[in-house]
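Reader: I would like to learn how to read the computed features of a protein model. Please give the general idea for each one, then the case at hand.

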Amino acid sequence: MKVKKYIVAILYVLSSTAVISAQYKEPEKKDKIEALYPQVHFDSLQAKQKLAKGTATIKGIAFTKAKSKWGLKVGQRIYANQIKVTLFPVTPYLESWYALRKEKKA
């Protein structure tokens, strides 16, 4: 009777180790964050000159449409009265960055 218990215990241990060793866990991949920079160097003087206050006036109508909860633009136009508009200058650095972003997106 004791021999039967030992045999059952040994079979149980062997079967449980076989199941444990049969499980394979794939190692986690570490996501590399790849920093991409444009080849053109940022010229701070040029950016400062282009960001200086100018004398131009923008005339026209600026408006948007309200969005629904699904992100669709519906309903009446919402007009922007007496709203300041900030324009960002297009420099060679910005153009290079935009081309790089467009290339990586495709």
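**Surface, fold and contacts**

Author: The accessible surface of the chain is about 11300 Å², and carbon and sulfur atoms hold 59% of that area. Accessible areas are taken by the Shrake-Rupley method with a 1.4 Å probe, and for residues only the protein chains shown count as cover. The model is predicted, so local features need pLDDT of at least 70 and side-chain atom pairs count only at pLDDT 80 or more, while totals for chains, interfaces and linings use all residues. Residues are numbered from 1 along each chain as its sequence is written, and side-chain values use heavy atoms, with hydrogens and water left out.

Reader: Which pattern does the chain follow along the sequence?

Author: Helices (H or I, at least four residues) and strands (E, at least two) are DSSP runs, numbered from the N terminus. Here there are 3 helices and 2 strands, in the pattern α-α-β-β-α.

Reader: What percentage of the residues count as buried?

Author: Buried means under 20% relative accessible area, exposed over 50%, and partly exposed in between (1.4 Å probe, protein chains only). Of the 106 residues of the chain, 6% count as buried.

Reader: Where does T91 lie, and is T91 buried or exposed?

Author: T91 sits in the loop between β2 and α3. Its relative accessible area is 7%, so T91 is buried. Contact means heavy atoms within 4.5 Å. Apart from neighbours within four places in sequence, T91 is in contact with Q46 and K50.

Reader: Which residues does S96 contact, leaving aside its neighbours within four places in sequence?

Author: They are P38, Q39 and V40. S96 belongs to helix α3 (residues 92-105) and is buried, at a relative accessible area of 18%. For the chain, among contacts with a separation of 6 or more, 49% come from residues 24 or more positions apart.

Reader: How is a pair of aromatic rings described?

Author: By the distance of the centres and the angle of the planes. Rings of Phe, Tyr and Trp (its six-membered ring) pair if their centres lie within 6.5 Å; planes under 30 degrees apart count as stacked, over 60 as edge-to-face and the rest as tilted. The structure holds 1 aromatic pair. F42 and Y93 form this edge-to-face pair, at 5.3 Å centre to centre and 80 degrees between the planes.

Reader: Why does the pair tie together parts that are 51 residues apart in sequence?

Author: Because F42 is in the loop between α1 (2-22) and α2 (44-51), whereas Y93 is in helix α3. F42 is exposed, with a relative accessible area of 52%; Y93 is partly exposed at 25%.

Reader: Which residues make the nonpolar surface patch?

Author: V90, L94, W97 and Y98 make a patch of about 380 Å². Like charges are joined within 9 Å, nonpolar side chains (Val, Leu, Ile, Met, Phe, Trp, Tyr) within 5 Å. W97 lies in helix α3 and is partly exposed, at 36% relative accessible area.

Reader: Is N81 buried or exposed?

Author: N81 is exposed, at 62% relative accessibility. N81 lies in the loop between β2 (73-79) and α3. Its C-alpha atom is 7.9 Å from that of A62, and the two residues are 19 residues apart along the chain.

Terms used. Patches are made of residues with over 30% relative accessible area and no salt bridge: like charges are joined within 9 Å, nonpolar side chains (Val, Leu, Ile, Met, Phe, Trp, Tyr) within 5 Å. A salt bridge is a side-chain nitrogen of Lys or Arg within 4 Å of a carboxyl oxygen of Asp or Glu.
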